[in-house]
Amino acid sequence: MATYNKRGNKPKNKEERDHKIESGSTTAEVFNKLDQTASKTELFVEKNQKYIFIIIGIVAAIVLGYLGYNEYLVKPKQATAMNDMFQAQKYFDEAVNGVEKDSLFNLALNGGEGKFGMLDIIKEYSGTPAANLANYYAGTAYLKMKDYKNAVTYLSDFSSDDEVLGPLAKGNIGDAFVQLNQLDDALDYYDQAANMRDNEYTTPMYLYKAGTISLDLGKADKALTYFETIKEKYPNASEIAMVDVLIGKAKVLANKY
């Protein structure tokens, strides 16, 4: 049968009474300490509220400043930059598809008809996505004009998570290093380009380039890995036509037969 204590139950003996008094004192002491702590906190806030409000104000100003900077400065600046870059992009596209490539790439870099070139965009709109993209155009233009050191410089300043553009930038740096006869560096960038994204276009292309450079460097085992990956994973890639021949060559050099 369930039992309960009646309210106002008196202690039955001295020991029980002393225990009840002690328990009440402990509880009172705890509440006392809480009151004292709360009072100290209130005193601290009251004493330092000026500085607390200053800190809160600074944090709020930073957050609002960032939002305002992004909304009222960065976005309009980006729109203007893309508009100013239009003619330089047009020169670049004409150079890629045209005959007078060097002169058109030069116009893409330095501008023409009173319009900005890619180098102007990089300088005038630093920190914007347009300036970042201009680094890619500038680096690729220098690569096509056989100015390989500048190609490496500008392409290294470009960054992108794009499925194709990111790997192409890394691969173009690899191409520049090949022309500079820095094959170890070329292999490193081809490897980065091949592994940056997994698609049917850039991945097999840079696996192939990494494999051929590995053969040139006497790294037949590594070359074999690159070529076998193309054969296994990208059977529809254009590079597949030569893969079996290169696999055979790599196996001979690596003594795999």
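**Exercise 1. Work out how α4 and α5 pass each other: what is the handedness of the crossing, and how do the two helices run?**

Step 1. Start with the handedness: α4 passes α5 in a left-handed crossing. Keep in mind that you're looking at a predicted model.

Step 2. Next comes the geometry. The axes of α4 and α5 are 7 Å apart, and the packing angle is about 165 degrees.

Step 3. Anything over 145 degrees counts as roughly antiparallel, so α4 and α5 are roughly antiparallel to each other.

Step 4. Look at who does the touching. On the α4 side you'll find Asn 135, Tyr 136, Ala 138, Gly 139, Thr 140, Tyr 142 and Leu 143. On the α5 side are Tyr 148, Asn 150, Ala 151, Tyr 154 and Leu 155.

Step 5. Sort them by class: the contact of α4 with α5 has eight nonpolar, four polar and no charged residues.

**Exercise 2. Find Lys 146 and Asn 181. Where does each sit, and is each buried or exposed?**

Step 1. Lys 146 is in the loop between α4 (129-144) and α5 (148-156). Its phi is near 65 degrees, a positive value in a residue other than glycine.

Step 2. The relative accessible area of Lys 146 is 60%, so this residue is exposed.

Step 3. Move along to the loop between α6 (165-179) and α7, where Asn 181 lies. Asn 181 isn't a glycine either, yet has a positive phi of about 60 degrees.

Step 4. With 62% relative accessibility, Asn 181 counts as exposed.

**Exercise 3. Describe the surroundings of Asn 199: is the residue buried or exposed, and what is it in contact with?**

Step 1. Locate Asn 199 in the loop between α7 (183-196) and α8 (202-216).

Step 2. Check the accessibility. The cut-off for buried is under 20%, and Asn 199 comes in at 11%, so it counts as buried.

Step 3. List the partners, leaving aside neighbours within four places in sequence: Asn 199 is in contact with Glu 163, Pro 204 and Tyr 234.

Step 4. Zoom in on Glu 163. Its backbone oxygen lies 3.2 Å from a polar atom of the Asn 199 side chain.

**Exercise 4. Follow the chain through α8, α9 and α10. At what angles do the axes cross, and which classes of residue make the contacts?**

Step 1. Take α8 and α9 (residues 220-233): their axes come within 8 Å and cross at roughly 160 degrees. That angle makes α8 and α9 roughly antiparallel to each other, and α8 passes α9 in a left-handed crossing.

Step 2. Pick out the contact residues. Pro 204, a partner of Asn 199, is among those in α8 that meet α9, along with others including Leu 207, Tyr 208 and Leu 215. The α9 residues they meet include Ala 220, Tyr 226, Phe 227 and Ile 230.

Step 3. Sort the contact of α8 with α9 by class: ten nonpolar, four polar and one charged.

Step 4. Now do α9 and α10 (residues 240-253). Their axes come within 9 Å and cross at roughly 150 degrees, so this pair is roughly antiparallel. The crossing of α9 and α10 is left-handed.

Step 5. In α9, the residues making this contact include Ala 220, Phe 227, Glu 228, Ile 230 and Lys 231. Among those in α10 are Ile 240, Asp 244, Ile 247 and Lys 251.

Step 6. Finish with the classes: the contact of α9 with α10 divides into ten nonpolar, no polar and four charged residues.

Terms used
Residues numbered from 1 in each chain as written. Predicted model: local features only at pLDDT ≥ 70, side-chain atom pairs only at ≥ 80, totals over all residues. Heavy atoms only, no water. Helix = DSSP H or I, 4+ residues; strand = E, 2+ residues; numbered from the N terminus. Buried < 20%, exposed > 50% of the residue type's maximum accessible area, 1.4 Å probe, protein only. Polar contact = N/O pair within 3.5 Å; in protein donor to acceptor, adjacent residues only side chain to side chain. Contact = heavy atoms within 4.5 Å. Axes fitted to C-alpha atoms, helices over the stretch in contact; angles between N-to-C directions. Parallel < 35°, antiparallel > 145°, perpendicular 65-115°, else oblique. Left-handed = near helix turned anticlockwise from the far one by under 90°. Nonpolar A, V, L, I, M, F, W, Y, C, P; charged D, E, K, R; others polar.
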